[in-house]
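Subject: Handover of a structure and the findings on it

Dear colleague,

Please find below the structure that I am passing on to you. A written account of the findings follows it.

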Amino acid sequence: MNTVSDRLTDIRRRLAAACSRAGRPLDDVQLIAVSKTFDADAIAEVVELGQFAFGESYMREALDKIGLAETLCGERLVWHFIGPIQGNKCRALAGAFAWAHGVDRLKIAERLSELRADDLPPLDICVQVNVSGEASKGGVAPQEAAALCAEIAGLPRLRLRGLMCIPAPVDDPDEARPAFRMLRELRDAIRSAGAVDAALFDQLSMGMSDDFEVAIEEGATMVRVGSALFGARPR
């Protein structure tokens, strides 16, 4: 599979097979192409193949190529910020992105709410949960996620959509299954508690190139796939 077209076809096949195994419709799961470190030409190539949602982690790099990519494609693309969110990134994120996947503090959510322009649609938010308890990784502790979600749900110009996680690295993708299951169960518990809009709070952003099939089997609604699509990242 030497071409982007071949790789995307294979990813779509694997995604569909995972949905089938889980008894879920194919449109339950959205593929987010993680385009960080790849240029606007690479994005345009994937857009020609019918992929319109992209994930970025490095703010300066993203801002440099978002406009260029959309000009090349002649399309309005859907941009997801999937990296850690510091306060100094909030203004740019609130202006350029449709989704923020890594919110793990009320202060960051409040800042995004303040900076999101009234003439833009609400910024869709996923709260990041540290499902593996890694000190080096961002995310709210699972036992604190419900309280944070309840606070974010009341902020203007934001739309709380669900939860996101990045499990600890594992040798076998199946070893990540308990972490994905935990996130699904946590989302369902938060919805049932009634402090969020259950109709909106339906997303699970989990699963990457090595484990997205397991994530789908455990309920993922958005999978973030980069290297399996674009190839090895340039240094």
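This is a predicted model: local features need pLDDT of at least 70, side-chain atom pairs count only at pLDDT 80 or more; totals for chains, interfaces and linings use all residues.

The side chain of E56 forms a salt bridge with that of K65, at a distance of 3.1 Å from N to O. K65 also counts as buried, with a relative accessibility of 6%. As a general point, side chains of opposite charge can pair when their charged atoms come close.

Salt bridges elsewhere

The count of salt bridges comes to 21. Two further pairs deserve a description.

The side chains of R159 and D124 meet at 2.7 Å, N to O, in a salt bridge. R159 belongs to strand β6 (residues 158-164) and D124 to strand β5 (residues 123-128), so the pair ties together parts that lie 35 residues apart in sequence. In this pair D124 is buried, with a relative accessible area of 7%, whereas R159 is partly exposed, at 28%.

R161 and D202 form a salt bridge through their side chains, with 3.4 Å from N to O. This pair links distant parts of the chain, 41 residues apart: R161 is in strand β6, and D202 is in the loop between α7 and β7 (203-205). R161 counts as buried at 14% relative accessibility, while D202, with a relative accessible area of 25%, is partly exposed. There is also a network in which salt bridges with shared partners join R21, D174, R177, R181, R184, E217 and E218.

Which residues have the most contacts inside the largest nonpolar core? They are F54, L93, L112, L163 and V223, and the core itself has 70 residues. Apart from this core lies another, of 5 residues, with W99, C126, M164 and M222 among them.

Helix packing

Helix α6 (residues 142-153) packs with helix α7 (residues 177-193) at an angle of about 35 degrees, and their axes are 10 Å apart. The two helices cross in a right-handed sense. On the α6 side the contact is made by P142, A145, A146 and C149, and on the α7 side by M182, L186 and I190. Sorted by class, this contact has 7 nonpolar residues, with no polar and no charged ones.

Helix α2 (residues 40-47) is mostly covered, since 6 of its 8 residues are buried. These buried residues are A40, A42, I43, A44, V46 and V47. They pack against α1 (4-22), β2 (53-56), α3 (59-73), β3 (78-81) and α9 (227-230).

Backbone angles and a distant pair

Most residues other than glycine have a negative phi. Two residues are to be noted here. T37, which is not a glycine, has a positive phi of about 75 degrees. T37 is placed in the loop between β1 (30-34) and α2, and counts as partly exposed at 26% relative accessibility. R157, likewise a residue other than glycine, has a positive phi near 65 degrees. R157 lies in the loop between α6 and β6, and its relative accessibility of 31% makes it partly exposed.

Finally, D6 lies in helix α1 and is partly exposed, with a relative accessible area of 37%. The C-alpha atoms of D6 and L229 are separated by 8.9 Å, although these residues are 223 residues apart along the chain.

Yours sincerely

Methods:
Residues are numbered from 1 along each chain as its sequence is written. Side-chain values use heavy atoms; hydrogens and water are left out. Axes are lines fitted to C-alpha atoms, for helices over the stretch in contact, and angles run from 0 to 180 degrees between N-to-C directions. Helices (H or I, at least four residues) and strands (E, at least two) are DSSP runs, numbered from the N terminus. A crossing is left-handed if the near helix is turned anticlockwise from the far one by less than a right angle, and right-handed if clockwise. Contact means heavy atoms within 4.5 Å. Ala, Val, Leu, Ile, Met, Phe, Trp, Tyr, Cys and Pro count as nonpolar, Asp, Glu, Lys and Arg as charged, and the others, Gly among them, as polar. A nonpolar core is a set of buried Ala, Val, Leu, Ile, Met, Phe, Trp, Tyr and Cys residues joined through side-chain atoms within 4.5 Å. Buried means under 20% relative accessible area, exposed over 50%, partly exposed in between (1.4 Å probe, protein chains only). A salt bridge is a side-chain nitrogen of Lys or Arg within 4 Å of a carboxyl oxygen of Asp or Glu.
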